[in-house]
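Please have the sequence and the coordinates open while reading.

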Amino acid sequence: MALRLGDIAPDFEQDSSEGRIRFHQWLGDSWGVLFSHPADFTPVCTTELGLTAKLKDEFAKRNVKAIALSVDPVESHLGWIQDINETQGCQVNFPILADADRKVSELYDMIHPNANETLTVRSLFVIDPNKKVRLIITYPASTGRNFNEILRVIDSLQLTDKHSVATPGNWQQGEDVVIVPSLKDEEVIKQKFPKGYKAIRPYLRMTPQPDKQQ
Ligand code: BEZ
C-alpha cells in the first residue's frame, strides 16, 4: 500500500554515493527530505541536485538532511556528481542513493508504471525526527521541483508543531498565521497569543507569527 501522511517512513539499507546507508540511523534526530530522480545524467535532475546543494545552509538551519535517489549504480552517481558540481557551480554535499535494485523505489512507491515502467517519478518525502512522513509530493519527470517551496512547507510544519496555528495559502516566514479552529477558549487564546488576534469570522482568526519579533 502507498505511504500516507503520518505513517512511519520505512527503514532500509542501501548503497549511496557516500557509502552504505541505514536510513533511520542516518537520519538520527534530524528531519529528512528523501527525493527521487528518474535517472543520472538527465538535465532537470542535474539542476535540482545543484539547487539542493546550494541550499545546504537553509537545510542545516532547519535541522534537515537531504538524500536523493536514482536507480543507477554508485559509479554512475560519482561521475554525475562531478558533472553537477561543474555545471551548477556547487558541491553536492548530500548522498545520492544508488537504487539499482529498486529496493527503496518500490518501498516508497516511487515507480508509477503508467508514467514509466522502470524509472522513478519525482517523489519527495519530508520526514520528521519521529520518522513520520509529513509531506508527500509527486511531480512528473518533465517538471523540476521548487525547493523554496519545500523549505516553506518545512517552516510551516516546524512552526505549527510548536504553536496552535496553521499557515494560510501562500504563507511566507514572518507573515500572519491562523489560530487553529479547535482552540475556542478565549482566555487560552489570549494567553497563547499575547500579540493579539483578529477574528475576521469566528472560524478565521489571524495572529502575528508567534515565534517572530515584531
Ligand atoms: C530530466 O531530468 O531532465 C528528465 C528526466 C526524464 C524525462 C524528462 C526529463
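How many Å separate an oxygen atom of the ligand from an N or O atom in the side chain of Thr42? The distance is 3.1 Å. Keep in mind that the model is predicted.

## Ligand site

Seen from the ligand, the surrounding residues are Pro38, Thr42, Pro43, Val44, Cys45, Arg122 and Ala141. Helix α2, residues 43-54, gives the most to this shell, with three residues.

Backbone atoms also face ligand oxygen. A polar backbone atom of Val44 lies 2.6 Å from an oxygen atom of the ligand. For Cys45, a polar backbone atom is 3.1 Å from a ligand oxygen. The ligand taken alone exposes 260 Å², and the protein buries 71% of that.

## Overall build

The protein has seven helices and eleven strands. Its C-alpha atoms fill a box of roughly 60 × 40 × 30 Å along the principal axes. Of the 214 residues, 46% are buried. Take the contacts between residues at least 6 apart in sequence: 65% of them join residues at least 24 apart.

## Surface and charge

The accessible surface comes to about 11,200 Å². Carbon and sulfur atoms account for 49% of that surface. There are 25 positive and 29 negative side chains. The centres of these two sets lie 9 Å apart.

## Gln88 and its contacts

Gln88 sits in helix α4, residues 74-88. Its side chain makes a polar contact of 3.0 Å with the side chain of Thr87. Leaving aside residues up to four places away in sequence, Gln88 touches Thr46, Thr47, Gly50, Lys54 and Asp83.

## Positive phi angles

Most residues other than glycine have a negative phi. Two residues call for a look at the backbone here.

Phe41 is not a glycine, yet its phi is positive, at about 55°. Phe41 lies in the loop between β3 (31-37) and α2. Is Phe41 buried, partly exposed or exposed? Phe41 counts as partly exposed because its relative accessibility is 46%, between the 20% and 50% limits.

Asn170 also has a positive phi, near 65°. Its place is the loop between β8 (165-166) and β9 (177-179). Asn170 has a relative accessible area of 67%, so this residue counts as exposed; the cut-off is over 50%.

Technical notes:
Residues are numbered from 1 along each chain as its sequence is written. This is a predicted model: local features need pLDDT of at least 70, side-chain atom pairs count only at pLDDT 80 or more; totals for chains, interfaces and linings use all residues. Side-chain values use heavy atoms; hydrogens and water are left out. Helices (H or I, at least four residues) and strands (E, at least two) are DSSP runs, numbered from the N terminus. Buried means under 20% relative accessible area, exposed over 50%, partly exposed in between (1.4 Å probe, protein chains only). Contact means heavy atoms within 4.5 Å. Accessible areas come from the Shrake-Rupley method with a 1.4 Å probe; for residues, only the protein chains shown count as cover. Lys and Arg count as positive and Asp and Glu as negative; His and the chain ends are not counted. The place of a charge is taken as NZ of Lys, CZ of Arg, CG of Asp or CD of Glu. A residue is near a molecule or strand if one of its heavy atoms lies within 4 Å of it. A polar contact is a pair of N or O atoms within 3.5 Å; within protein, one must be able to donate a hydrogen and the other to accept it, and residues adjacent in sequence count only if both atoms are side-chain atoms.
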